[in-house]
Amino acid sequence: TPNETLEKKINHKDKELFIHYVKNLTFTQYDKLIVMGWGHDIGKIKIKKEILAKPGKLTEEEYKEMSKHAIHSANLLREIGFSDDIIATAFFHHPKNFSEKKIYAFLPAISLLEITDIYTALREPRIYRDRELTLDESVKLLKSELEKGLGNPFYNIFLEFIDEMDKKGHNIFSRYESLTLEE
């Protein structure tokens with residue numbers, strides 16, 4: 001579909017559109033999302049270990065090198081023979097690396113992958129920070145990204161989901177509560 005047509009037909013911030021996409025996933029699309037989840041960072045195997053395992057903040061040069069993992073992932077997935085939508089999702093899963101975020105219109109899966117990738121990075125122990133963020137800290141950070149006009153336009157749906165689960169007494173993120181960096 002030409003980009004002009006997509007821009008006219010799709011409102012990127014339309015909550016109903018995104019929810020409709022998720023609720024109407026076919027088994028094939030769901031399977032592709034799973035493959036996208038495990039394959040999107042495979043390109044990190046081509047990043048120097050000194051950068052991947054650096055305990056502190058990356059320099060600008062190291063950050064540029066780390067950002068290339070999405071390109072490496074797409075190339076590796078192409079070599080293995082995955083479909084173009086899986087390859088594209090791996091390539092674009094960090095849309096803030098691009099000057100425009102129109103990519104959300106092409107594959108809603110990119111939005112799903114980016115949200116889960118960022119949330120997981122906030123909540124899991126990581127070598128580059130002294131501790132993982134709490135649920136409240138993570139939610140606060142995502143909300144501040146939205147308020148600044150940054151970040152995925154569908155964060156708000158994810159944040160609503162977290163609020164709804166909390167109201168019902170379901171802590172769907174409890175597996176993170178007792179993890180240590182060693183685990």
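Glu-62 touches Ile-51, Lys-54 and Lys-57, once its neighbours within four places in sequence are set aside. One of these partners stands out for a polar link. The side chain of Glu-62 makes a polar contact with the side chain of Lys-54, at 2.6 Å. Glu-62 itself sits in helix H5, which covers residues 60-67. The model shown here is predicted.

Is Glu-62 buried or exposed? Its relative accessible area is 19%. The cut-off for buried is under 20%. Glu-62 therefore counts as buried.

Now move to Ile-42. This residue is found in the loop between H3 and helix H4, the latter spanning 49-52. Its relative accessible area is 25%, so Ile-42 is partly exposed. That class lies between the buried limit of 20% and the exposed limit of 50%.

Which residues does Ile-42 contact, leaving aside its neighbours within four places in sequence? They are Ser-73, Leu-76 and Leu-77. Take Leu-77 from that list. Along the sequence, Ile-42 and Leu-77 are 35 residues apart. In space, their C-alpha atoms are 8.3 Å apart.

Contacts across the sequence can also be counted for the whole chain.

Next comes helix H3, residues 27-39, where Ile-34 lies. Ile-34 has a relative accessible area of 44% and is therefore partly exposed. What does Ile-34 make together with Tyr-30 and Trp-38? The three form a nonpolar surface patch of about 360 Å².

Step back to the chain as a whole. How many helices and strands does its secondary structure hold? There are 11 helices and zero strands. Read from the N terminus on, the elements run α-α-α-α-α-α-α-α-α-α-α.

The chain has 183 residues, and 33% of them count as buried. Glu-62 is buried, at 19% relative accessible area. Ile-42 is partly exposed, at 25%, and so is Ile-34, at 44%. In total, the chain exposes about 11,800 Å². Carbon and sulfur atoms supply 56% of that area.

Terms used:
Residues are numbered from 1 along each chain as its sequence is written. This is a predicted model: local features need pLDDT of at least 70, side-chain atom pairs count only at pLDDT 80 or more; totals for chains, interfaces and linings use all residues. Side-chain values use heavy atoms; hydrogens and water are left out. Helices (H or I, at least four residues) and strands (E, at least two) are DSSP runs, numbered from the N terminus. Buried means under 20% relative accessible area, exposed over 50%, partly exposed in between (1.4 Å probe, protein chains only). A polar contact is a pair of N or O atoms within 3.5 Å; within protein, one must be able to donate a hydrogen and the other to accept it, and residues adjacent in sequence count only if both atoms are side-chain atoms. Contact means heavy atoms within 4.5 Å. Patches are made of residues with over 30% relative accessible area and no salt bridge: like charges are joined within 9 Å, nonpolar side chains (Val, Leu, Ile, Met, Phe, Trp, Tyr) within 5 Å. Accessible areas come from the Shrake-Rupley method with a 1.4 Å probe; for residues, only the protein chains shown count as cover. A salt bridge is a side-chain nitrogen of Lys or Arg within 4 Å of a carboxyl oxygen of Asp or Glu.
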